[in-house]
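Colleague: Please take me through the packing and the surroundings in this model, one point at a time.

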Amino acid sequence: MSGFAGGAREGAGSCLWVKASLYIHIPFCASKCAYCDFFSVPTSVPTNAASTIIDEYLEALYRDIESQLIFFKIDCVPSIYIGGGTPSLLGGKRIAALLSFLNFAKKTDGGTCELTVEANSESLSEDFIQGCVEGGVSRLSIGVQSLNDASRRAVARRGSSRRIIENIKFLQNKPAALDISFDILSGLPYQHKEILLHDIETLLAFNPAHISLYDLMIEGGGLSGAMLEKLPAGEVKEKMWIAGRDFLESAGYAQYEVSNFAREGKRARHNIRYWMMENWIGCGPSASGTIIDDERGTAIRYTTRHNIFYAPPPLRQTIEHIDRETLLKETLMMGYRYIDGPDEALFKKRFSCTLESVIPKTIAAWRATNFYSETKNTLTPKGLLFLNQFLLDCFDELSRGECGTSSRCR
Ligand code: SF4
């Protein structure tokens, strides 16, 4: 881990050293979906079968988790997220072993550690669910994406709608303490509004606590020309996503971030920590971690190389030193995604200034519309649709240097 000066302290509070969430990457998929740019390698190993490559990977992962927790002096882990790739390809025994290993990492300052595991609907199995339940998982985030077989085939997503529904039914007897989230994609080839709404309605029958509804962005790289022609056109695509949003809202799932909806009390705490730019460490290839120095308003970010064969540090990482101005911009970019806006107390602590002092003209101009709250520093649900334009205005104001983002804030 050379290149780091060491971990940043969280300051006063009941944590002795550093508070950081933990992201763990499982870089295996049964095959590659056409739209995906997450790092994963295809594996044909059936769930629970012997696999040298997966077991060696997990051994290296355990060492990495241990060494990062020690190196950064982390003794408070409010949330853990096991994502991928396809964690459900680990099957029941391997996920149980990983979760059992992680027991030592679940250190909190009083609350519970939120523990999320991702699963693909097409490889979700009873023994994987059992492993998650016994391992204390609090959220199971299931990638469904679409129940329309033509759309799935068009983007090379495995599994049929029939198989997916059969697998999701395994959850009908799940314990109440396990919350379910479904990922759904809007804007797929062969998809239109009625198909999307039908998918959402079908999934809501399984009583999820949380839904992520993503507007698919395809630059064209992964799809053939014929499939690109089947993508819904611009305005149709926008209206489709908005219809999905409205349907979820009317069913009691409140939008709390650009793409995320939850029943009351069921927001994803791990993701909120990303949006608030709080510390996290990342374990596994392609995973990144960010450790913030609240005193200076700067950060260090590292990204592990895209290779499932772990090399010793520092070969496996790229390291960025994030200066104050960049961190401030990132804080705006991430914070305004959230329906409650950036954490203003944290902002003040980190940058010694307020949002109003940093982007006063942008706030005033947007507040004059119905896109910005009159009482809080947050975009309204309508305003979230124009987040990119809002951020351009923020950065434009910052670049003009009329506010106090420099030493004048200190
Ligand atoms: S299953 Fe998920 S992580 Fe794997 S290739 Fe498809 S979208 Fe990407």
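Colleague: Which residues in H15 do Lys329, Leu332 and Met333 in H10 meet?

Modeller: Residues are numbered from 1 along each chain as its sequence is written. The model is predicted, and local features need pLDDT of at least 70, side-chain atom pairs count only at pLDDT 80 or more, and totals for chains, interfaces and linings use all residues. Contact here requires C-beta atoms, placed from the backbone, within 7 Å, while helices (H or I, at least four residues) and strands (E, at least two) are DSSP runs numbered from the N terminus. On that basis, the three residues of H10 meet Leu391, Cys394, Phe395 and Leu398.

Colleague: Are H10 and H15 roughly parallel or antiparallel?

Modeller: Helix H10 (residues 324–335) and helix H15 (residues 387–400) have axes 10 Å apart and pack at about 160°, where axes are lines fitted to C-alpha atoms over the stretch in contact and angles run from 0 to 180 degrees between N-to-C directions. Angles under 35 degrees count as roughly parallel, over 145 as roughly antiparallel, 65 to 115 as roughly perpendicular and the rest as oblique. The two helices are therefore roughly antiparallel.

Colleague: How many residues of the contact of H10 with H15 are nonpolar?

Modeller: Ala, Val, Leu, Ile, Met, Phe, Trp, Tyr, Cys and Pro count as nonpolar, Asp, Glu, Lys and Arg as charged, and the others, Gly among them, as polar. With no polar and 1 charged residue in the contact of H10 with H15, the nonpolar count is 6.

Colleague: How are H2 and H3 arranged, roughly parallel or antiparallel?

Modeller: The axes of helix H2 (residues 91–101) and helix H3 (residues 126–134) come within 7 Å and cross at roughly 15°. Because of that angle, H2 and H3 are roughly parallel.

Colleague: Is Leu147 buried or exposed?

Modeller: Leu147 lies in the loop between strand S8 (139–145) and helix H4 (149–154), and, leaving aside neighbours within four places in sequence, it is in contact with Ser161, Ile164, Asp199 and Thr202. A residue is buried if 20 or more other C-beta atoms, placed from the backbone, lie within 10 Å of its own, exposed if 12 or fewer, and partly exposed in between. Because Leu147 has 23 other C-beta atoms within 10 Å, it is buried.

Colleague: How many charged residues does the shell around the ligand have?

Modeller: A residue belongs to the surroundings if its C-beta atom, placed from the backbone, lies within 6 Å of the molecule, and those around the ligand include Cys29, Lys32, Phe38 and Asn120. By class, the shell has 4 nonpolar and 6 polar residues, and the number of charged ones is 1.

Methods: Two residues are in contact if their C-beta atoms, placed from the backbone, lie within 7 Å.
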